[in-house]
Structure formats: structure tokens, C-alpha cells
Amino acid sequence: MHDDDSRIALRRHWAASDANDFTTEHEIYRADAVLEYPQSGERIRGRHNIQASREAPPSAKRFTVRRILGGGDLWISELVLTYDGEPSHVVSIMEFEGAEVVRETQYFGDSFAPGPSRTQWVELMD
């Protein structure tokens with residue numbers, strides 16, 4: 001798979017995630033893919049189980065892609081995931097074999113107030 005094809009597949013995946021199109025969202029995963037959430041210690045095995053776990057939450061969610069970086073078999077997506085209006089910053093690391101994701105690791109970071117000791121050097125982001 002060429003890098004342009006991977007980037008297109010990732011954009012399609014995240015657009016489907018944002019639209020709650022669970023079928024399209026999970027086409028990117030190989031049947032035996034593994035998804036890990038290190039912060040909660042969870043590992044989900046298999047595309048079917050990954051999809052089922054994402055269909056279960058009752059909360060309204062939205063994804064905003066900030067950027068997609070990578071090449072070859074390793075791709076990183078930087079996102080803002082909003083659940084019920086509360087944003088959380090997400091880094092998704094996807095490992096491809098051919099045209100499919102075989103492993104994904106997601107890291108989540110909640111927003112926090114700027115540190116007062118840095119105010120003279122920073123500008124606030126949107």
C-alpha cells in the first residue's frame with residue numbers, strides 16, 4: 001500500500017468515526033486486529049469486538065482530525081475527541097500490514113488550565 005492510499009484510508013476511517021458510521025469505520029482493521037488503551041489497561045482483540053465496543057457507549061461523540069503523520073506501516077493521527085461536549089486530545093498509533101490495521105494504540109489526554117508560570121511565553125490555541 002502506498003502512503004497516499006494509507007492517508008486516504010485514515011481520512012475515511014476518521015470521517016466515518018465522526019459520523020458514527022460503524023461499518024465504514026471498521027473496514028480499515030484486519031479481522032484479527034488488536035486495539036489497546038494503555039491508560040485504562042484494556043486490550044480488545046478482533047475487528048468484530050473493536051466495533052462492538054465502540055457501538056456500545058451511549059454518549060454523543062465527535063472526532064476532529066488535527067493531523068495525520070506517518071509512512072509505510074506506521075501512522076499517527078492526532079485528534080480531538082469530544083464526548084457530550086467535553087474535548088479530550090487523542091493520539092492514535094496504527095500499524096498496518098498491507099492495506100489493513102493490525103494494531104492500534106490510543107492515548108487520551110484531558111484538557112487542563114495553562115500554567116501561570118508560563119504565561120509570558122505562550123499564546124493560547126483554539
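The expected span of a helix is 1.5 Å times one less than its number of residues.

**Figure 1. Overall view of the predicted model.** The structure shown is a predicted model. Its secondary structure comprises three helices and six strands, and from the N terminus on the elements follow the order α-α-β-β-α-β-β-β-β. The C-alpha trace extends over about 50 × 35 × 25 Å along its principal axes. Of the 126 residues in the protein, 34% are buried. The protein exposes about 8000 Å², and carbon and sulfur atoms supply 51% of this area. Among contacts between residues at least 6 apart in sequence, 41% join residues at least 24 apart.

**Figure 2. Helix H1 and the residue that follows its end.** Helix H1 has 16 residues, which at 1.5 Å a residue should span 22 Å. The buried residues of H1 include Ser6, Ala9, Leu10, His13, Trp14 and Ser17. Ala16 and Asp18 of H1 are buried as well. Just after H1, Asn20 adopts a positive phi of about 60°.

**Figure 3. The salt bridge between Asp18 and Arg62.** A search of the whole structure finds ten salt bridges. In one of them, the side chains of Asp18 and Arg62 meet with an N to O distance of 2.7 Å. Asp18 belongs to helix H1 (residues 3-18) and Arg62 to strand E3 (residues 61-71), so the pair ties together parts that are 44 residues apart in sequence. Asp18 has a relative accessibility of 19% and therefore counts as buried, since buried means under 20% relative accessible area.

**Figure 4. A network of salt bridges around Arg54.** Glu25, Arg54 and Glu104 are linked in a network of salt bridges.

**Figure 5. The salt bridge between Glu36 and Arg43.** The closest N and O atoms of Glu36 and Arg43 are 2.6 Å apart, and the two residues form a salt bridge. Glu36 is buried, because its relative accessible area is 17% and the limit for a buried residue is under 20%.

**Figure 6. Ser88 and its surroundings.** Ser88 is found in strand E5 (residues 86-97). With a relative accessibility of 10%, Ser88 counts as buried. The side chain of Ser88 makes a polar contact of 3.3 Å with the side chain of Asp110. When neighbours within four places in sequence are left aside, Ser88 is in contact with Leu79, Val80, Leu81, Phe108, Gly109 and Asp110.

**Figure 7. A nonpolar patch on the surface.** Leu69, Ile76, Val91 and Tyr107 form a nonpolar patch on the surface, and together they have about 300 Å² of accessible area. One of these residues, Ile76, lies in strand E4 (residues 74-83). The relative accessibility of Ile76 is 33%, so the residue counts as partly exposed.

Notes. Residues are numbered from 1 along each chain as its sequence is written. This is a predicted model: local features need pLDDT of at least 70, side-chain atom pairs count only at pLDDT 80 or more; totals for chains, interfaces and linings use all residues. Side-chain values use heavy atoms; hydrogens and water are left out. Patches are made of residues with over 30% relative accessible area and no salt bridge: like charges are joined within 9 Å, nonpolar side chains (Val, Leu, Ile, Met, Phe, Trp, Tyr) within 5 Å. Accessible areas come from the Shrake-Rupley method with a 1.4 Å probe; for residues, only the protein chains shown count as cover. A salt bridge is a side-chain nitrogen of Lys or Arg within 4 Å of a carboxyl oxygen of Asp or Glu. Helices (H or I, at least four residues) and strands (E, at least two) are DSSP runs, numbered from the N terminus. Buried means under 20% relative accessible area, exposed over 50%, partly exposed in between (1.4 Å probe, protein chains only). A polar contact is a pair of N or O atoms within 3.5 Å; within protein, one must be able to donate a hydrogen and the other to accept it, and residues adjacent in sequence count only if both atoms are side-chain atoms. Contact means heavy atoms within 4.5 Å.
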